[in-house]
Amino acid sequence: MENENITSEEGKTRKSKPSFLMTLIIVIVVALIISGITSFFIVRILTSNVSSSSNQSSQVSATTPARVILITEGSRYTMMLKGGYDIAVIDSLQLDVGSNQARDLIHSNRIEVLEAIRMIFMNKTRGELSTPQGIELTKKQIKDSINEMMGFTGERESLGVIKVTMIIMTITTSQ
């Protein structure tokens, strides 16, 4: 009877040892899995911040306006107005563009751009160009016309012409 008690106690101790080892192994495996998942997400978050900051820096350089001078200051470029009797004398015409691609396209198509601007002026009267509202409308029409001609519409509009700076010296009658 004592032998039976001893063997049953030994059996209990043998059974408890494997369950302790199994518990220890399970705890270690779970800890490794949790640390692996945590490390994965930390690395993923850190690399996404680095890539988004590099994207932002490339966007900043892409959106840094470049200046295109179509009519240099002091050149006094003439534009005929509606009816053919009045002429606007443009002292300077500059475009601020949102990308180098737009700048290059405008430079390579300079004659076409000037022709589009000339057509806008041919639809204007002296009265329309004599008010600040009329000049601002003309600048907007120039901007929209060039952006449409160069394909900078919709989402790409911010890469095209952003601002038009124009100085009209005078409007005179041709003789």
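Mentor: Serine 92 is buried, with a relative accessible area of 4%; buried means under 20%, exposed over 50%, and partly exposed in between, with a 1.4 Å probe and protein chains only. The model is a predicted one, in which local features need pLDDT of at least 70, side-chain atom pairs count only at pLDDT 80 or more, and totals for chains, interfaces and linings use all residues. Residues are numbered from 1 along each chain as its sequence is written, and side-chain values use heavy atoms, with hydrogens and water left out.

Serine 92 belongs to strand 3. Helices (H or I, at least four residues) and strands (E, at least two) are DSSP runs numbered from the N terminus. Apart from its neighbours within four places in sequence, serine 92 has contacts with Ile71, Thr72, Glu73, Thr165, Met166 and Ile167, where contact means heavy atoms within 4.5 Å.

Strand 3 also holds aspartate 96, whose partner arginine 67 is in strand 1, so this pair ties together parts 29 residues apart in sequence. Aspartate 96 is buried at a relative accessible area of 11%, whereas arginine 67 is partly exposed at 47%. The count by this rule is six salt bridges.

Another of them joins lysine 140 to aspartate 144, with the closest N and O atoms 2.7 Å apart. These two are four residues apart in helix 4, about one helical turn. An α-helix has 3.6 residues a turn, so residues three or four places apart point the same way. Lysine 140 is partly exposed at 47% relative accessibility, and aspartate 144 is partly exposed at 29%.

Helix 4 has 19 residues (132-150) and should span 27 Å at 1.5 Å a residue, which agrees with its end C-alpha atoms being 27 Å apart; the expected span is 1.5 Å times one less than the number of residues. Its buried residues are Gly134, Thr138, Lys139, Ile142, Ile146, Asn147 and Met150. The cover over them includes strand 3 (86-97), the strand of serine 92, along with helix 2 (100-108), helix 3 (110-122) and strand 4 (161-173).

Beyond its neighbours within four places in sequence, leucine 70 touches Leu93, Leu95, Ile106, Arg110, Val113, Leu114 and Ile117.

The chain as a whole has four helices and four strands, in the order α-β-β-β-α-α-α-β. Of its 175 residues, 25% are buried. Among contacts with a separation of 6 or more, 71% are between residues 24 or more positions apart.

Terms used. A salt bridge is a side-chain nitrogen of Lys or Arg within 4 Å of a carboxyl oxygen of Asp or Glu.
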